[in-house]
Structures are given as structure tokens and as C-alpha cells.
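Okay, thanks for making time, everyone.

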Amino acid sequence: MVERGFDVKRLPGAALLAIACFVILYVPMAILVAYSFNAGKVIGNWEGFSLNWYFMALENEAFMDAAVNSLIIATSAAVISTILATMAALATTRGDGFRGEGAVHIILNQPLMVPEIVLAIALLIIIGQIKQATGYTGLGFLIAAHTTFCIPFAYLPIRARLEGMDLSLETAAADLYASRFYTFRRVTLPLLAPAIMAGFMLAFVVSLDDLVMSDFLKSPGQETLPTYLMGELRRNLTSEIYAISSLLLLISVLIVAGSWVATRKKN
């Protein structure tokens, strides 16, 4: 008789636990999206289907300003962090090794380990002094902070892709006297492109959804989508907030789906 290997699906209660987790995670989201189409003003009292709250959200200048700030910050942070993460991944996987390489891995992944509020407070101390010394209060500080926080999220998929890539094509290019830059541009980069896109999308979503870092470091008038929603929740809960949350959820789902499509492509 052939012994079967370990299969989590055969554990007693595993299916029930999985279903319970999905229900706890996604049913509240489904309810939020459903009530964003509620025609009535009373939360929890369905009065018919309507897109009125979406139109009101899109006509809300405060919401649109917050959305523009979030897109600028998230796009800039994602681009910069992806470039830095790609360079770091190449240095730690394609180099000959160097003293302190383990420390570099720890530093790159440290933002994943340290509680975000600790990092936000530390950056607040430094950035507050810089603001006082220079007088500059623009979005650059938020972009720098988000970039720092997003680097490990972009680094992990890019490094994983590099470690799983077949080196025979790069070796063949070197045997044909291709320079390192030419090999990177014509061989490594096309193979690495799906992981770079996935890292960019992941960093973009992390930055777009960030609340703690933005709330601690923003200057007056620099509301982002998460901080704007938090402020509205403290004042008044309306179906317009449901509509804005649903739009933010839709953007996140589309980006995650795009990341999945990019990473599932084979060499």
C-alpha cells in the first residue's frame, strides 16, 4: 500500500477553517460595496439601487485632491523603489559576493520587520528637523518615506525571479563577447521584466493604501486617500465613504490582478 504524503486538505476542520477565514475577510467588503449603491442616506437601511454616491464622490474636490496626492506619491515611490530594488537584487544575486552581504539583506528587509508606526515616528523626528531647517513642506518628504517603506516589497519578487532564472542564456551571451550592460539589456532585463512589473505594482498598492506613514508625515493640505477617509470617518459616516472605499478597493484589485498576470508568464 502506497503511503500518501501530507495533505493539508485532509486535516479535520481545514476546509471549515478556510471557509471561515474567507467569510471574515471578504463578506464585510462585499457588504461595503453593496451599500455604496444604496440610494438612501441611512447606513444599513437599503432604499434602492443608485450611483448617486459615486457621482458625489467624483464631484468632491477634497476627495479628488486627496486622490491626486495619493497617485503622485504612490507612482513616484513605486518607480524609485523598484529601480533601487532592481539594483539591489542584481548586486546580491549576480555579484561575486562581498563582505557584509548578509547585513545588506537584513537592512533591505528591515522595514518588513519593524512596526510601521516605529518607522513613522523615527522619520517624523528627522523630517521635522529638515522641514524646520529648510522651510520645505512639499510632497517630497512623503515620497521619500513611502519609497523607503516600499523597497522591500519590490525587492522580494525581483530577487526571487533572479534566483530562479536560468543562467545559461547570460552565460551564452558572455561567451559571445557581449558586454555586461548589453547582456543585461538584451537578456536579463526582458526575462526580469515580469518581476519588475510585479514589484512595481506591489509597491504602488502598498504606498496607495498606507495610512500610518502618511498621517504622521503629511503637512497641512497634503491629504491622501487613506488619511482623507480616516478624517471623514471621524466626522460622519455616509454612503459616499462606502463609494470612495469601493473605488479604492477596485484599484487595488486591478493592480493585484495585473501583478498576477505579469508573474504567471513563463520564460
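So, the second largest pocket: H1 and H11 each give at least two residues to its lining. One thing to keep in mind throughout is that this is a predicted model. Which helix gives the largest share of that lining? That would be H11, with five residues. If you want to find the pocket on your screen, look for Tyr-26, Met-29 and Leu-32, then Asp-209 and Leu-229, and then Ser-245, Leu-248, Leu-249, Ser-252 and Val-253. The space inside comes to about 350 Å³.

H1 itself covers residues 14–35, so to speak our opening helix, and has 22 residues. From first C-alpha to last, H1 reaches 32 Å, close to the 32 Å expected at 1.5 Å a residue.

Let me zoom out for a moment. The C-alpha trace spans about 75 × 70 × 30 Å along its principal axes. There are 267 residues, and 38% of them are buried. As for contacts with a separation of 6 or more, 73% are between residues 24 or more positions apart.

Now to the inside. In soluble globular proteins, nonpolar side chains tend to be buried together. Here, the largest nonpolar core has 50 residues, and the ones touching the most other members are Leu-123, Ile-158, Leu-192, Met-213 and Leu-217. Several helices supply at least two residues each, among them H3 (61–93), H5 (116–134), H8 (180–208) and H11 (239–263). The largest share, twelve residues, comes from H6.

Take Met-213 from that group. Leaving out residues up to four places away in sequence, Met-213 touches Glu-116, Leu-119, Ala-120 and Leu-123, and also Leu-142, Ala-145, His-146 and Phe-149.

Buried or exposed? His-146 counts as buried, because its relative accessibility is 3%, and the cut-off for buried is under 20%. Not counting residues up to four places away, His-146 touches Ile-73, Ala-77, Ser-207, Asp-210, Met-213 and Ser-214.

His-146 also takes us to a cavity. His-146 is one of the lining residues, and others include Asn-69, Ser-70, Ile-73, Ala-74, Ser-207 and Asp-210. H3 and H8 are the elements that give two or more residues to this lining, and H3 has the largest share, with four.

Last stop, Thr-183, which is in helix H8. With a relative accessibility of 8%, Thr-183 counts as buried too. Which residues is Thr-183 in contact with, leaving aside neighbours within four places in sequence? Glu-170, Ala-173, Ala-178 and Thr-188. Asn-52 is another story: its C-alpha is 54 Å from that of Thr-183, and the two are 131 residues apart along the chain.

That's my tour. Happy to go back to any of these spots.

Definitions and conventions: Residues numbered from 1 in each chain as written. Predicted model: local features only at pLDDT ≥ 70, side-chain atom pairs only at ≥ 80, totals over all residues. Heavy atoms only, no water. Core = buried A, V, L, I, M, F, W, Y, C linked by side-chain atoms within 4.5 Å. Buried < 20%, exposed > 50% of the residue type's maximum accessible area, 1.4 Å probe, protein only. Contact = heavy atoms within 4.5 Å. Expected span 1.5 Å × (residues − 1). 1 Å grid on protein atoms, 1.4 Å probe; cavity = no way out; pocket = protein on both sides within 12 Å on 5 of 7 lines; lining within 4 Å. Points joined across faces, edges and corners; volume = space filled by probe spheres on them.
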